[in-house]
Amino acid sequence: MTQKVAVLGTGKIGEALLSGMIRAGWAPADLLVTARRAERAEELRTRYGVTPVTNAEAAKTADTLILTVKPQDMAALLDELAPHTPADRLVISGAAGIPTSFFEERLAAGTPVVRVMTNTPALVDEAMSVISAGSHASEADLAHADEIFGAVGKTLRVPESQQDACTALSGSGPAYFFYLVEAMTDAGILLGLPRDKAHDLIVQSAIGAATMLRDSGEHPVKLRENVTSPAGTTISAIRELENHGVRAALIAALEAARDRSRELASGNN
């Protein structure tokens with residue numbers, strides 16, 4: 001792994017990528033970082049042995065640029081990068097809602113762009129990263145993105161037309177599970193359990209259920225039916241979930257997230 005990779009705008013996700021790449025075998029000397037604050041850049045140097053640079057220096061010297069700034073800051077970053085970015089640089093965007101065409105129009109003609117939507121479980125090497133090719137990205141470019149983001153979890157390639165749906169489903173997905181755990185914890189307290197015990201019960205149940213979904217190969221309906229005995233406690237709870245429209249609410253919520261991703265793409269911040 002001799003290519004130089006620069007992470008621009010290194011926040012929590014960018015730092016998770018750095019950490020994962022180093023564990024996967026990248027040499028810290030081949031990793032560059034940029035940060036808005038000098039003290040943040042120095043913190044990354046001390047922690048990982050990577051090299052802080054300016055955005056312009058990253059564009060001139062790195063083979064791959066990973067842009068992890070917020071969507072509303074991306075246009076300004078591209079204005080800064082464009083004069084210094086040769087057309088053979090691989091540009092990877094982690095910004096929600098912004099299409100690859102946005103980058104291609106602002107960078108040198110023919111610049112390969114790959115769009116990636118990852119999520120916060122990258123912080124614990126359990127990310128779901130969805131990868132799409134721009135007009136000029138090759139199979140080698142996609143494989144390189146797979147390698148980078150595979151260091152912090154699982155990757156999946158989809159056509160870019162499906163990226164907004166993936167953003168709604170997995171990009172924002174961890175928040176839905178945190179929301180559900182919060183609500184179930186409150187329910188446990190209402191039922192008489194201390195908060196810490198309710199939390200432990202729910203979190204371990206979630207981990208176990210997720211592992212069964214991943215490893216068993218069974219459809220979620222089948223797994224649910226295995227827990228749902230006739231006239232039992234589980235079916236009583238599921239009836240209430242259906243009565244309160246939880247399934248419909250989830251579908252509507254994901255549609256709203258997808259629509260917001262499309263709004264971001266159109267510049268409606």
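1. A word on ground rules. Residues are numbered from 1 along each chain as its sequence is written, and side-chain values use heavy atoms, with hydrogens and water left out. Because the model is predicted, local features need pLDDT of at least 70 and side-chain atom pairs count only at pLDDT 80 or more, while totals for chains, interfaces and linings use all residues.

2. Start with the aromatic rings. Rings of Phe, Tyr and Trp (its six-membered ring) pair if their centres lie within 6.5 Å, and planes under 30 degrees apart count as stacked, over 60 as edge-to-face and the rest as tilted. The count is 1 aromatic pair. Phe102 and Phe103 have ring centres 5.8 Å apart and planes at 75 degrees, so they meet edge-to-face.

3. Phe102 is buried at 18% relative accessible area, and Phe103 is buried at 0% (buried means under 20%, exposed over 50%, partly exposed in between, with a 1.4 Å probe and protein chains only). The charged end of Arg106 sits over the ring of Phe102, 3.6 Å from its centre (NZ of Lys or CZ of Arg must be within 6 Å of the ring centre and within 35 degrees of the ring normal).

4. Next, a pair of strands. Strand β7 (residues 127-133) and strand β8 (residues 153-157) pair in the parallel sense over 5 bridges; pairing requires that DSSP finds at least two bridges. Val130 stands opposite Leu156 in β8. Together with helix α6 (residues 139-150), β7 and β8 make a right-handed β-α-β unit. Right-handed here means that, with the strands pointing away from the viewer, the path from the first strand over the helix to the second runs clockwise. Helices (H or I, at least four residues) and strands (E, at least two) are DSSP runs, numbered from the N terminus.

5. Now for the charges. There are 21 salt bridges, each a side-chain nitrogen of Lys or Arg within 4 Å of a carboxyl oxygen of Asp or Glu. One of them joins Glu43 and Arg47 at 3.4 Å, N to O. These residues lie 4 apart in helix α2 (residues 38-48), so about one helical turn separates them. Glu43 is partly exposed at 32%, and Arg47 is partly exposed at 47%.

6. Finally, another salt bridge links Glu242 and Arg247 at 3.0 Å, N to O. Glu242 is partly exposed at 40%, whereas Arg247 is exposed at 54%. Elsewhere, shared partners join Glu15, Arg40, Glu43 and Arg47 into one salt-bridge network.
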